[in-house]
Amino acid sequence: MADDTISTKELIKEENLVYKKSKILTDNEFHYCPGCGHSTTHRIIAEVIEEMGIQSKTIGIAPVGCSVFMYNYMDIDMQEAAHGRAPALATAIKRLLPEKVVFTYQGDGDLAAIGTAETIHACNRGENITMIFINNGIYGMTGGQMAPTTLVGMKTSTTPYGREVSLMGNPIKMTDLIVNLPGTYFVSRQSVHTPGNVRKTKKAIRKAFEYQALNKGTCFVEVVSNCPSGWKMTPVESNKWMAENMLPFYPLGDMKVPEK
Amino acid sequence: MEEFVLMKGNEAIAEAAIRAGTDGYFGYPITPQSEVIEYLAAAKPHERTGMVLLQAESEVAAINMLYGGAGAGKKVMTSSSSPGISLMQEGISYMAGSELPCLLVNVVRGGPGLGTIQPSQSDYFQSTKGGGHGDYRLITLAPASVQEMADFVSLGYDLAFKYRNPAMILSDGAIGQMMEKVKFKPQQPRSKKSPDWATTGKTPDRERNIITSLDLDPARQERFNEKLQAKYKKICEKEVRYEKIQCDDAEYLFVAYGTSSRICQKSMQMAREEGIKVGLFRPITLWPFPYNEIRMMSGQLKGILSVEMSAGQMVEDVKLAVEGKVKVKHYGRMGGIIPTPDEIVENLKQNIIGG
């Protein structure tokens with residue numbers, strides 16, 4: 001009987017590899033909770049930087065929030081911003097080093113609450129930067145408090161009976177604001193909860209990095225994500241909940257694409 | 001040879017900024033210093049040197065633009081006045097904590113709160129004792145003339161880059177608004193080199209550069225703080241600057257900086273005409289403060305009047321300097337009022353000589 005399975009020895013041969021960790025990711029272990037979308041999105045960004053061959057010209061800005069330690073995982077030059085101020089840092093870096101590729105990575109509290117002014121004005125000025133916005137509707141790092149994007153009725157540690165509009169106001173659709181600003185060039189909303197969505201997100205992030213070279217304005221990608229710990233769900237449950245509850249309110253797709 | 005020109009203090013800062021090879025200015029208008037960004041906008045610095053000029057959406061954004069630009073190794077500056085500088089305090093703390101050089105200009109107006117747009121010196125504590133959170137220090141230069149407004153731009157940059165720390169020019173609305181003759185240094189080219197710690201893109205020949213003030217490990221964070229304190233100690237040892245005027249035979253002393261020191265020169269002249277031997281000690285660096293230099297004079301002095309347009313902030317440092325060996329009192333006006341030379345002399349007579 002012919003043995004058509006391949007041995008481990010065969011499997012690890014370079015020519016048989018179909019996937020491996022991006023060289024842009026360091027060997028530091030992610031501190032993210034199992035099943036969290038941050039890890040996947042970090043991996044996508046690392047792959048895009050590697051595939052585009054732009055490691056030596058990329059400068060990233062980490063936010064305050066769960067991804068505060070992003071610079072531990074990416075083998076690129078990075079700066080750690082004060083809470084919400086990443087677009088201000090990116091504005092100056094890109095204007096002072098216009099040949100470089102500059103991106104911010106920000107959560108919903110960072111980008112859509114405390115940093116709203118910096119977000120809106122960087123996008124409205126049309127800064128030639130790439131902004132990646134992770135929206136999981138909760139403050140993960142500080143222990144699960146309400147985010148500006150927390151859905152109506154959603155329970156968090158500061159909305160223990162559910163978000164009530166009359167008391168806590170409405171969730172903000174930041175990307176829907178951004179898309180209307182003349183300074184934005186490419187705006188997309190994606191997710192990383194299925195392999196198919198991961199591929200779409202990678203495509204959008206790749207475009208958001210490639211278009212930066214055109215100097216035509218801000219490229220903005222929202223990634224609707226999950227927070228298994230903050231939502232108090234298993235990773236699988238959180239992805240299911242996200243698809244059923246977050247995605248109807250934050251529908252996926254390209255929202256502004258360059259005219260051909 | 002460069003000629004003298006007649007200029008406002010704020011305009012002199014702006015012209016000096018271009019000539020010092022500033023890479024980027026980021027600021028937000030506020031009275032009484034808006035001439036800085038207005039002058040820059042009219043001077044087309046981008047055409048002259050390639051300098052970036054951007055009116056930010058807020059002082060908060062402006063200071064964080066400085067953080068980004070400084071982290072990229074660039075010579076960056078901002079200017080503002082008291083309420084705007086208050087908004088920048090978080091960013092200044094972050095820059096000190098990330099060891100980033102930058103030049104800040106505070107053209108001080110009276111406070112607290114929205115206060116007034118008139119000159120004051122009530123931000124001494126904020127500049128020299130912290131302002132933002134954490135154990136950090138801000139190199140603070142106090143100009144007393146339009147010429148010094150210009151000269152301290154390059155001095156501020158030199159100190160900021162030498163020690164990888166923010167430096168501030170602490171001026172006031174009077175020096176910012178008044179016109180005097182000023183002579184500028186020739187145009188310096190913008191630097192083409194980047195410091196080896198700057199985030200300019202990781203090339204294969206080096207490890208990645210990270211600009212951050214975060215370290216959750218208390219032992220490492222303590223070691224980092226000790227490193228900062230060692231740096232500050234070195235600055236205190238090496239960078240104290242001051243001016244002594246007619247101090248050799250002085251029995252009494254005015255200690256004053258900026259606008260107050262200008263007024264005290266006149267007060268000194270008036271007092272000496274009456275036979276009172278008074279000198280003037282003008283701290284140029286408010287941090288590091290010239291504690292030793294003032295203490296060394298305490299043997300010859302019968303009393304010190306610390307004059308400041310505030311409720312009495314610098315006077316605490318003067319008292320620390322003389323360690324109780326000499327009587328020290330404060331005289332000042334608040335809320336945008338500038339004291340007159342004769343009221344200072346009167347106060348010297350009543351509270352120091354007669355008191």
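Domain bounds here come from an automatic or database domain assignment. The model behind these exercises is predicted.

**Exercise 1. Find the domains of chain B, and say how far apart their centres are.**

Start with the bounds: chain B is divided into domain 1 (5-187 + 229-236) and domain 2 (242-353). Next, take the centres over C-alpha atoms; 26 Å separate domain 1 of chain B from domain 2 of chain B.

**Exercise 2. Describe the side of domain 1 of chain B that touches domain 2 of chain B: which elements build it, and which residue classes does it hold?**

Begin with the contact itself, where two residues count if their C-beta atoms lie within 7 Å. Domain 1 of chain B brings 27 residues and domain 2 of chain B brings 23 residues. Now list the elements of chain B that give two or more residues to the domain 1 side: helix 7 (124-128), strand 6 (139-141), strand 7 (166-172), helix 9 (173-177) and helix 10 (218-238). Helix 7 of chain B has the largest share of that side, four residues. Finally, sort the residues of the domain 1 side by class, which gives 14 nonpolar, ten polar and three charged.

**Exercise 3. Work out why chain B can be called as compact as a globular protein of its length.**

First, the make-up: chain B has 14 helices and 15 strands. For its extent, look along the principal axes, where the C-alpha atoms of chain B fill a box of roughly 70 × 50 × 40 Å. Burial comes next: 55% of the 355 residues in chain B are buried. To finish, take the contacts in chain B with a separation of 6 or more; residues 24 or more positions apart account for 80% of them.

**Exercise 4. Characterise the contact between chains A and B, starting from the residue counts.**

Count each side: 29 residues come from chain A and 31 residues from chain B. On the chain A side, strand 1 (58-62), strand 2 (77-80), helix 4 (86-96) and helix 6 (116-125) each supply at least two residues. Helix 4 of chain A gives the most to this side, with eight residues. By class, the chain A side divides into 15 nonpolar, six polar and eight charged residues.

**Exercise 5. In what sense does strand 2 of chain A pair with strand 9 of chain B?**

Strand 2 of chain A and strand 9 (residues 210-211) of chain B run in the parallel sense, paired over two bridges. Zooming in, Met78(A) stands opposite Ile210(B), a residue of strand 9 of chain B.

How values were computed: Residues numbered from 1 in each chain as written. Chains lettered and ligands numbered in written order. Predicted model: local features only at pLDDT ≥ 70, side-chain atom pairs only at ≥ 80, totals over all residues. Rg over C-alpha atoms; globule rule 2.2 N^0.38 Å. Buried ≥ 20, exposed ≤ 12 C-beta atoms within 10 Å, placed from the backbone. Nonpolar A, V, L, I, M, F, W, Y, C, P; charged D, E, K, R; others polar. Pairing = 2+ DSSP bridges.
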